[in-house]
Amino acid sequence: MQPPGTAASCWIATAPETGYPRYEQSDRADVAVIGGGIVGLTSAYLLAKAGYAVTVLEARRIGRQVTGRSTAKITSQHALIYAHLIETLGLERARLYGEANHAGVELTATLASDLGIACDFERKDAYAYTHQSQRMAAIEAEAEAARELGFDATIVQPAPLPFTTAGALRFAHQAQFNPAQYLVGLASAIVACGGRIFERTRVGDVGRMGRAWRVQAGRHRLDADRVVVASSIPIAGPIKYDQRLRPRCHVAMAFRAVDAGAVNGMFIDIDQPSHSIRMGRDANGSLLIVLGPSFTTGSDGDVAKRFVELERWVRSSIPAGDVIWRWVNEDYDSPDRVPYAGELARRAAGMYVATGFNGWGISNGAAAALLIADQIQGIDNPWGALYNAMRAAPKHFNRGGDSQSVVDALDEIEAGSGGVIERGKQKIAVWKEDDGTPHTLSAACTHLGCTVTWNNADGTWDCPCHGSMFTREGDVIHGPATEPLKPARLPASE
């Protein structure tokens with residue numbers, strides 16, 4: 001069994017290894033793409049196929065970040081979203097959201113099929129279910145809103161699950177896949193179209209060079225006419241998305257399936273605490289994959305307990321075998337539940353961003369990539385006004401938080417764990433090896449200086465303000481931080 005503390009998901013573990021080189025020689029491109037997830041690679045493929053010289057820079061490995069740790073549902077059914085959007089944004093914008101996500105679903109399906117990507121793609125129905133009869137009114141309202149927008153939305157009572165439910169909303173003919181395998185295949189297609197991909201290449205800065213852009217990656221630069229910032233949260237640009245978005249995490253577990261037919265479809269609970277359920281597979285057979293309720297990144301001092309609680313819920317609800325994989329994933333929420341995507345035309349012409357997917361990054365991400373590719377090619381796309389990357393956001397939507405790992409002394413930190421020690425104004429992040437050997441770093445996130453929290457499930461340092469994550473050694477996992485945690489020492493008396 002995969003132990004807690006490793007970031008690999010069942011998708012990543014079964015995806016082929018990639019070996020793209022580091023970016024080690026300054027060059028230029030028509031389009032520079034920062035990030036090798038669903039947005040970055042989908043937009044890169046569409047543009048490379050259209051004849052653009054495209055270069056992708058990925059800080060770690062293709063498909064191993066947020067996309068590769070998702071539940072990988074390819075669906076326009078986003079729990080209870082459409083009634084909310086009609087009420088808050090109006091019928092037309094709700095329709096655009098539905099159309100964009102339907103297009104994202106179908107684009108992903110088409111690319112998987114046309115490119116022959118082996119990624120366990122399957123058509124499945126998607127369900128939003130409830131345990132509570134009094135919540136069926138919300139299910140019915142969502143079904144009515146979805147049908148008004150053109151979706152094949154029906155109500156089933158009860159939901160087709162091996163435990164008691166009051167009912168569910170069903171969207172037919174949605175899909176699921178292995179996202180890491182898909183992205184590895186999409187990366188190969190980009191190269192086949194003449195695009196270039198570089199891994200283990202972290203971008204530190206993006207700046208204007210006349211009418212073009214200069215992307216700085218270590219000692220080397222990449223000059224481009226246009227730049228797509230497709231990191232989970234934009235690491236560059238004039239808009240402070242860290243103040244417009246709220247980081248949130250989920251814990252996920254994959255159990256060996258004892259009855260592969262017990263769950264047929266993709267399910268999300270509209271009650272609290274919410275759970276997301278689907279089937280999948282690894283090299284040894286079928287898996288039951290379950291996602292737990294969300295929590296603000298860095299706000300929980302005992303993430304490992306969430307795995308215990310999630311396993312307890314699964315054991316009481318669904319036939320399941322051994323725990324095979326467990327991981328933590330992060331996403332960003334926007335105030336209006338609509339992503340920010342597209343060109344920063346008035347503020348930074350030629351720069352394109354996509355972020356704030358609210359937990360639905362596969363369909364929204366593919367739609368955002370299609371929007372960006374259209375904008376770069378000068379093709380009219382009606383979703384630009386909806387996803388408007390420059391639209392205003394409420395002040396203080398992201399209020400940040402405090403570290404949940406502060407301890408008084410070094411001996412309070414157990415072997416194999418971590419904590420933060422405050423000495424005057426200095427805050428020191430300490431983690432210990434299994435034999436008790438301590439290692440120290442500054443606990444100040446290199447983004448804006450918030451104090452990090454030790455994640456005792458993944459063995460990472462997580463920022464409770466804006467969601468940056470670092471390895472235990474202090475290396476950046478993903479932003480908005482772009483620099484590692486700085487060295488620091490405890491006072492000699494410790």
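The model is a predicted one.

The chain contains nine helices and 26 strands. Its radius of gyration is 22 Å, close to the 23 Å that the globule rule gives for 494 residues, so the chain is as compact as a globular protein of that length. Along the principal axes, the C-alpha trace spans about 65 × 55 × 45 Å. Of the 494 residues in the chain, 58% are buried. The contacts also reach across the sequence: among those with a separation of 6 or more, 71% are made by residues 24 or more positions apart.

Salt bridges provide individual examples of such links. The count comes to 18 salt bridges, of which a few are described here. One of them joins the side chains of Arg196 and Asp27, with a distance of 3.0 Å from N to O. Arg196 belongs to strand β7 (residues 196-198) and Asp27 to strand β1 (residues 27-34), so this pair ties together parts that are 169 residues apart in sequence.

Asp225 lies in strand β10 (residues 220-229) and Arg28 in strand β1, so parts that are 197 residues apart in sequence are tied together. Both of these residues are partly exposed: Asp225 has a relative accessible area of 34%, and Arg28 has a relative accessibility of 42%.

Another salt bridge is formed by the side chains of Arg256 and Asp282, at 3.0 Å from N to O. This pair also links distant parts of the chain, with Arg256 in strand β11 (residues 246-256) and Asp282 in strand β13 (residues 276-282), 26 residues apart. Asp282 counts as buried, at 11% relative accessibility. Salt bridges may also join into a network, as they do for Asp120, Glu122 and Arg281.

Cys450 lies in the loop between β22 (438-442) and β23 (453-455), while Cys465 lies in the loop between β24 (460-462) and β25 (469-471), so the pair ties together parts that are 15 residues apart in sequence.

Cys10 is in no disulfide, and the nearest cysteine sulfur, that of Cys119, is 14 Å away. Cys10 counts as buried, at 0% relative accessibility. Cys119 is also in no disulfide; for this residue the nearest cysteine sulfur is that of Cys10. Cys119 is buried as well, at 1% relative accessibility.

Strands β23, β24, β25 and β26 form an open sheet in the order β23-β24-β25-β26, with antiparallel pairing. Strands β23 and β26 (476-478) stand at the edges, each with a single partner strand, so one side of each is left without a neighbour in the sheet. Neighbouring strands of this sheet are turned by 35 degrees against each other on average, direction ignored. In general, the strands of a sheet pair through backbone hydrogen bonds, in either a parallel or an antiparallel manner. Here β25 and β26 pair in the antiparallel sense over two bridges. Within this part of the sheet, Phe470 stands opposite Val476 in β26.

Terms used. Residues numbered from 1 in each chain as written. Predicted model: local features only at pLDDT ≥ 70, side-chain atom pairs only at ≥ 80, totals over all residues. Heavy atoms only, no water. Salt bridge = Lys/Arg side-chain N within 4 Å of Asp/Glu carboxyl O. Helix = DSSP H or I, 4+ residues; strand = E, 2+ residues; numbered from the N terminus. Buried < 20%, exposed > 50% of the residue type's maximum accessible area, 1.4 Å probe, protein only. Disulfide = S-S within 2.5 Å. Pairing = 2+ DSSP bridges. Axes fitted to C-alpha atoms, helices over the stretch in contact; angles between N-to-C directions. Rg over C-alpha atoms; globule rule 2.2 N^0.38 Å. Contact = heavy atoms within 4.5 Å.
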